[in-house]
Amino acid sequence: VQDSFGAGQALSSSIFIQDPEDADPALTRAVYRIVQELLTNARKHAPSEHVFLTVQGSPSGGVVIDARNRYVGGWGGGPAGSSRGLAGIAERVALLGGTLTHGLDGDDFRIHVKIPWRSAS
């Protein structure tokens, strides 16, 4: 998580996956890419804001990813890009039968992802 985030930008993260060896590789790859894109978006759109990230996963509860940072509007001074951001996340989530919600929550921009667990076996 720290390696894929902007140097100097504050990040608080909590990641707990129960029985990770049981997770389907397609699920683990999607979760990795979703978290990577969420952090990239935060760096681009709110480069000076503290980001809070939680990832929880288990065979009984699926995978839940929650990310938030203070909303600064627009691009937040970051470089404009051609990436697909939220659209790409939405596609990954939909392919795995999950849900994605995002938008303003008070002064924060929040993204919430829930994906059903897929076992490797």
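Here is a short chat about a predicted model, taken from the whole chain down to single residues.

Colleague: Before we start, what ground rules apply to the predicted model?

Modeller: Residues are numbered from 1 along each chain as its sequence is written, and side-chain values use heavy atoms, with hydrogens and water left out. As the model is predicted, local features need pLDDT of at least 70 and side-chain atom pairs count only at pLDDT 80 or more, while totals for chains, interfaces and linings use all residues.

Colleague: In what order do the elements of the protein chain run?

Modeller: Helices (H or I, at least four residues) and strands (E, at least two) are DSSP runs, numbered from the N terminus. The protein chain has two helices and five strands. From the N terminus on, the order is β-α-β-β-α-β-β.

Colleague: How much of the protein chain is buried?

Modeller: Buried means under 20% relative accessible area, exposed over 50% and partly exposed in between, with a 1.4 Å probe and protein chains only. Of the 121 residues in the protein chain, the buried share is 36%.

Colleague: What does helix 1 reach from its first C-alpha to its last?

Modeller: Helix 1 covers residues 25–45, which is 21 residues. The expected span is 1.5 Å times one less than the number of residues. That gives 30 Å for helix 1, and the model is close to it, at 30 Å.

Colleague: Which elements do the buried residues of helix 1 pack against?

Modeller: Buried positions in helix 1 include Leu 27, Val 31, Ile 34, Leu 38 and Ala 42. Contact here means heavy atoms within 4.5 Å. The partners are strand 1 (11–17), strand 2 (51–58), strand 3 (62–70), helix 2 (85–95) and strand 5 (108–115).

Colleague: Is helix 1 roughly parallel or antiparallel to helix 2?

Modeller: Ala 30, Arg 33, Ile 34, Glu 37, Leu 38 and Asn 41 in helix 1 meet Gly 85, Leu 86, Ile 89, Arg 92 and Val 93 in helix 2. The axes (lines fitted to C-alpha atoms, for helices over the stretch in contact, with angles from 0 to 180 degrees between N-to-C directions) are 10 Å apart, at an angle of about 160°. Under 35 degrees counts as roughly parallel, over 145 as roughly antiparallel, 65 to 115 as roughly perpendicular and the rest as oblique, so helix 1 is roughly antiparallel to helix 2.

Colleague: Which backbone oxygen does the side chain of Gln 9 reach?

Modeller: Gln 9 lies in the segment before strand 1, and at 10% relative accessibility it counts as buried. Leaving aside neighbours within four places in sequence, its contacts include Ala 42, Arg 43 and Pro 47. At 2.8 Å, the side chain of Gln 9 reaches the backbone oxygen of Ala 46.

Colleague: And which backbone oxygen does the side chain of Lys 114 reach?

Modeller: Lys 114 is found in strand 5 and is partly exposed, at 37% relative accessibility. Among its contacts, leaving aside neighbours within four places in sequence, are Val 63, Val 93 and Thr 99. At 2.6 Å, the side chain of Lys 114 gets to the backbone oxygen of Gly 61.

Colleague: What value is phi of Asp 19 near?

Modeller: Asp 19 sits in the loop between strand 1 and helix 1, partly exposed with a relative accessible area of 34%. Most residues other than glycine have a negative phi. Asp 19 isn't glycine, yet its phi is positive, near 55°.

Conventions:
A polar contact is a pair of N or O atoms within 3.5 Å; within protein, one must be able to donate a hydrogen and the other to accept it, and residues adjacent in sequence count only if both atoms are side-chain atoms.
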